[in-house]
Amino acid sequence: MERELVELFEAAKKAADLAAASDAVAPNGPDVSRCVDALKQLKAFPVGYDILVSTQVGKRLRPLTKHPRVKIQTVASDLLEFWKKIVIEETAKSKKNGTTNADKLEKLPKPSAMKSEKLSNKESVKVEKVSKDDPVKPVKVEKRESNGEIGKVEKICKDDRQAPDVKKLSQPHSGPPKLTSMVKCNDPLRDKFREILVEAFSKVPSEVDRDKFDQVNTCDPIRVAVAVESVMFEKMGKSNVSEKFKYRSIMFNLKDPKNPDLRRKVLLGEVNPERLITMTPDEMASDERQRENDEIKKRALFDCERGGAPKATTDQFKCGRCGQRKTTYYQMQTRSADEPMTTYVTCVNCNNHWKFC
């Protein structure tokens, strides 16, 4: 049922994207009608609180309530309100049932320290537990025999509870089911971008450590790739001349074998698609590359602050512009070794530069 709901929603989303992409489509064009029909089928689809939470279709429906086509916007808003009503009703019922059960549990008598007495014609036994919370529980037993003598026996009972240092088994992930095939939008260029993103995100499980493997394995690369491409298309439009460089920058950094950090962060949701399209190339670089860039900047800043070698001051050269003899100069061997050095002169008064051999 969840898969059918997701496929039906993807069909409505695809038709909505086609209706928004083309400006020449009439208000009642085929894409608009197809999207409206799919939304009406979603309204008639039997859903509950658990299905809406697991598939997350309610959150993904919100952009359609701001669609440029008024008809799609109206039907999507009506469907969203209908699903909200279902969630509120089921939440209220569950709270009511939970309160009733809690009241019943409060009326039950609380368990106390176990004290039992067993009486018979021949003997009587009295058992007391000294501690209730200790993992090892000593039990005192008094045994009265038929001849009147009392024998005391102390037994140590081991707690059958599991030790606290034993790790609990990891519970299965209760998120939306993984998609088995690519969700296409009938645009060859956009479909190509989605395939490239799926290929990039599919490499992440083989690139992470064992402690993050379970977390990465629960993510759906196809669903994340479709979300990233959809946001890129909505915010930046098609890959035309103006946005071509941004598209190439994002795709290059996500495919770069030396940049697994960015792929992992996007797949796990640490970097959402809205943030991804606003990142600069330096921000999208890997952690190692960012450290190298910082070192290069620090080294360049140090070289700039250090400055060049001190220049000699002399009055032997006369400036041809202002006629002053306040000059500085330095010499460099710019030609072969048997040629004289080249002298570079700077006027202190008017900053005029000249050279001679």
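## Helices, cores and a pocket in a predicted model

The protein contains 13 helices and eight strands, and the model shown here is a predicted one. Of its 357 residues, 32% are buried.

### The nonpolar cores

The largest nonpolar core has 33 residues, and those that touch the most other members are Phe 201, Val 228, Met 232, Ile 250, Leu 254, Val 266 and Leu 276. At least two residues of this core come from each of helix H6 (188–201), helix H8 (221–236), helix H9 (244–255) and helix H10 (260–268), and H8 gives the most, with eight residues. Looking at one member, and leaving aside residues up to four places away in sequence, Ile 250 touches Met 232, Met 236, Leu 276, Ile 277 and Met 284. Apart from this core lies another one of 27 residues, which includes Ala 16, Val 47, Leu 80 and Trp 83.

The table sets out where each is placed and its relative accessible area.

| Residue | Helix | Relative accessible area |
|---|---|---|
| Leu 61 | H4 (residues 57–61) | 0% |
| Glu 10 | H1 | 9% |
| Leu 267 | H10 | 5% |

Leu 61 counts as buried because its relative accessible area is 0%, where buried means a value under 20%. Not counting residues up to four places away in sequence, Leu 61 touches Phe 9, Leu 39, Ala 76, Leu 79, Leu 80 and Trp 83. The C-alpha atoms of Leu 61 and Ser 77 are separated by 8.7 Å, although these two residues are 16 residues apart along the chain.

Leu 267 is likewise buried, because its relative accessibility is 5%. With residues up to four places away again left out, Leu 267 touches Phe 201, Val 204, Val 216, Cys 219, Asp 220, Pro 221 and Val 224. One of these, Cys 219, is 48 residues from Leu 267 in sequence, yet the two lie 6.8 Å apart in space, C-alpha to C-alpha.

Glu 10 is buried as well, because its relative accessible area is 9%. Beyond residues up to four places away in sequence, Glu 10 touches Arg 60 and Val 183. The helix that holds Glu 10 is H1, which runs over residues 2–21 and has 20 residues. From its first C-alpha to its last, H1 reaches 28 Å, which is close to the 28 Å expected at 1.5 Å a residue. The buried residues of H1 are Leu 5, Val 6, Leu 8, Phe 9, Glu 10, Ala 12, Lys 13, Ala 15, Ala 16, Asp 17 and Ala 19.

### The largest pocket

Rolling a probe the size of a water molecule over the atoms shows where empty space is left. In this model, the largest pocket holds about 1,200 Å³ of space. Its lining is made up of 46 residues, and those nearest the centre of the pocket are Arg 60, Arg 223, Ala 227, Val 228 and Val 231. H1, H4, H8, H10 and helix H11 (273–276) each supply at least two residues of this lining, and H8 gives the most, with ten residues. By type, the residues of the lining divide into 23 nonpolar, eight polar and 15 charged.

Some names return from the earlier sections. Val 228 is among the residues with the most contacts to other members in the largest core and is also one of those nearest the centre of the pocket, while Arg 60, another residue nearest that centre, is touched by Glu 10.

Technical notes. Residues numbered from 1 in each chain as written. Predicted model: local features only at pLDDT ≥ 70, side-chain atom pairs only at ≥ 80, totals over all residues. Heavy atoms only, no water. Core = buried A, V, L, I, M, F, W, Y, C linked by side-chain atoms within 4.5 Å. Buried < 20%, exposed > 50% of the residue type's maximum accessible area, 1.4 Å probe, protein only. Helix = DSSP H or I, 4+ residues; strand = E, 2+ residues; numbered from the N terminus. Contact = heavy atoms within 4.5 Å. Expected span 1.5 Å × (residues − 1). 1 Å grid on protein atoms, 1.4 Å probe; cavity = no way out; pocket = protein on both sides within 12 Å on 5 of 7 lines; lining within 4 Å. Points joined across faces, edges and corners; volume = space filled by probe spheres on them. Nonpolar A, V, L, I, M, F, W, Y, C, P; charged D, E, K, R; others polar.
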